[in-house]
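Dear colleague,

Please find below the structure that I am handing over to you, with its sequence. My findings follow it.

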Amino acid sequence: MQIDGQPRVTVIVCVRNGQATLRAQLDALSSQQGAPPYELIVVDNGSTDGTSAVYDEWLAHGTGSIGRARMLPATTRASLPY
């Protein structure tokens with residue numbers, strides 16, 4: 001169910017240098033069945049590896065069961081609370 005066309009749930013994945021594991025996480029989220037409509041926000045906390053390229057490649061192949069997905073930069077400070 002959506003409210004005014006907006007997903008009811010937001011899943012946030014915080015990542016820093018997650019090139020090795022991000023694709024598996026995104027694939028697991030996008031293959032869920034029976035979940036309510038949701039959006040995915042990947043917060044990149046200043047990765048210096050290929051994290052953004054992994055996300056871009058995954059996005060280019062479709063988001064599966066995810067209603068919408070986006071990546072946001074959080075590069076001012078490196079830390080999970082930021």
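The side chain of serine 47 reaches the backbone nitrogen of asparagine 17 at 2.7 Å. This is a polar contact, that is, a pair of N or O atoms within 3.5 Å; within protein, one must be able to donate a hydrogen and the other to accept it, and residues adjacent in sequence count only if both atoms are side-chain atoms. The model is predicted: local features need pLDDT of at least 70 and side-chain atom pairs count only at pLDDT 80 or more, whereas totals for chains, interfaces and linings use all residues. Residues are numbered from 1 along each chain as its sequence is written, and side-chain values use heavy atoms, with hydrogens and water left out.

Serine 47 lies in the loop between β4 (38-44) and α2 (51-60); helices (H or I, at least four residues) and strands (E, at least two) are DSSP runs numbered from the N terminus. A second polar contact, of 3.4 Å, links its side chain to that of threonine 51. Apart from neighbours within four places in sequence, serine 47 is in contact (heavy atoms within 4.5 Å) with Val15, Arg16, Asn17 and Gly18.

I turn next to the sheet. Three strands form an open sheet in the order β3-β4-β5, with parallel pairing; two strands pair if DSSP finds at least two bridges between them. Because β3 (9-15) and β5 (68-73) stand at the edges with a single partner strand each, one side of each has no neighbour in the sheet. From one strand to the next, the twist averages 20°. Angles run from 0 to 180 degrees between N-to-C directions, and axes are lines fitted to C-alpha atoms, for helices over the stretch in contact. Between β3 and β4 there are 7 bridges, and valine 11 has leucine 40 in β4 as its bridge partner.

Helix α1 (residues 22-30) packs on the sheet, where it touches β3 and β4, and its direction makes about 170° with that of β4. Helix α2 lies across β3, β4 and β5 and runs at about 165° to β5.

Finally, the two helices meet. The axes of α1 and α2 come within 9 Å and cross at roughly 30°. The two are therefore roughly parallel to each other, a term for angles under 35 degrees. On the α1 side, Leu22, Arg23, Leu26, Asp27 and Ser30 meet Thr51, Val54, Tyr55, Glu57 and Trp58 of α2.

With kind regards

Conventions. Parallel < 35°, antiparallel > 145°, perpendicular 65-115°, else oblique.
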